[in-house]
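Welcome! Please take a moment to look over the sequence and the 3D view before reading on.

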Amino acid sequence: MKVIALISGGKDSIYTLCKLKDEGHHIVACVYMHNKSNYVDSYMFQTVGREFIDFIQKVLDIPFVIRETKCYAKNQNLEYEACEYDEVEDLFTAVKSAFEEYGGEAICSGAIESTYQKNRVGNIAKRLNLLSLSPLWKHEQKELLKEMIDYGINAVIVKIASPLLPDYLLGKDISELYAYLITVKTKWDLNFCGEGGEYETIVVNCKHFNNKICFKDIKKVVHPEDIYKNKTEQVMFCCFTDIFLDSTKK
């Protein structure tokens, strides 16, 4: 089946793409939505890690359709109907462009628990007469995160938005995050895959990348709105320096 993949660069969307390729589907294009700021929150899109997207496009060797969104959720009802100026309409326009240029029979997303997001992707698919594929939907999160790690998804933590996650995990691989989570899961209720917005990731290597994405250093940044909050209440981001491809580390 010819599939248009909705990509954030994070572990869920990249693992979804990998699973579909392993099943024999043809990913004809990837759609990536970005905002000019790393600090804008969105109900639909990941806004951090966009400096990696050009590199992810190169290592996947798949056409990308990249569009800007204002990240404005005008229609916040669980069930979605087309609504002018909503961020979903930005995505619809991008998917429509990808479909018109590359064709396709379906779109896929990395939705796991968010009915809000899944319904909106489904709405876009229906309007374009496409199937909506969500192969990770309702998987048990602890098992799913371990499955991603065992598969070879190397993803680094680029954002932490939970007081239960220490900031030393920023820039670390999800395998280190998993090791931490299994020690605290009995004490606190945490979503292993970050479905509650606890953290976000960027994939730097996996089975279907033709090179590994590397970086020399990171800088930890506090969300501007959280500068004067207690450290445990702050949302933290990573800024990366000197990103490059290294074929010797594939």
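## The chain as a whole

Keep in mind that this is a predicted model. Its protein chain has six helices and 11 strands. The chain's radius of gyration is 17 Å, close to the 18 Å that the globule rule gives for 250 residues, so the chain is as compact as a globular protein of that length. If you follow the C-alpha trace along its principal axes, it spans about 45 × 45 × 35 Å.

## Inside the fold

How much of the chain is buried? Of the 250 residues, 51% count as buried. Contacts also reach across the sequence: among those between residues at least 6 apart, 73% join residues at least 24 apart.

## The largest pocket

Rolling a probe the size of a water molecule over the atoms shows where empty space is left. In this model, the largest pocket holds about 930 Å³ of space. Its lining is made up of 37 residues, and Met-44, Phe-45, Gln-46, Gln-117 and Glu-200 are the ones that lie nearest the centre.

## Who builds the lining?

Which parts of the chain contribute to this lining? Domain 1 (2-133) and domain 2 (157-246) each provide at least three residues. Looking at individual elements, at least two lining residues come from each of the helices α1 (11-22) and α4 (115-127), and likewise from each of the strands β2 (26-34) and β7 (199-205).

Technical notes. Residues are numbered from 1 along each chain as its sequence is written. This is a predicted model: local features need pLDDT of at least 70, side-chain atom pairs count only at pLDDT 80 or more; totals for chains, interfaces and linings use all residues. Side-chain values use heavy atoms; hydrogens and water are left out. On a 1 Å grid over the protein atoms alone, a cavity is a set of points where a 1.4 Å probe fits but cannot get out, and a pocket is an open set with protein on both sides within 12 Å along at least five of seven lines; lining residues have an atom within 4 Å of a point. Grid points are joined across faces, edges and corners, and a volume is the space filled by probe spheres set on the points. Helices (H or I, at least four residues) and strands (E, at least two) are DSSP runs, numbered from the N terminus. Domain bounds come from an automatic or database domain assignment. The radius of gyration is taken over C-alpha atoms; the globule rule is 2.2 Å times the number of residues to the power 0.38. Buried means under 20% relative accessible area, exposed over 50%, partly exposed in between (1.4 Å probe, protein chains only). Contact means heavy atoms within 4.5 Å.
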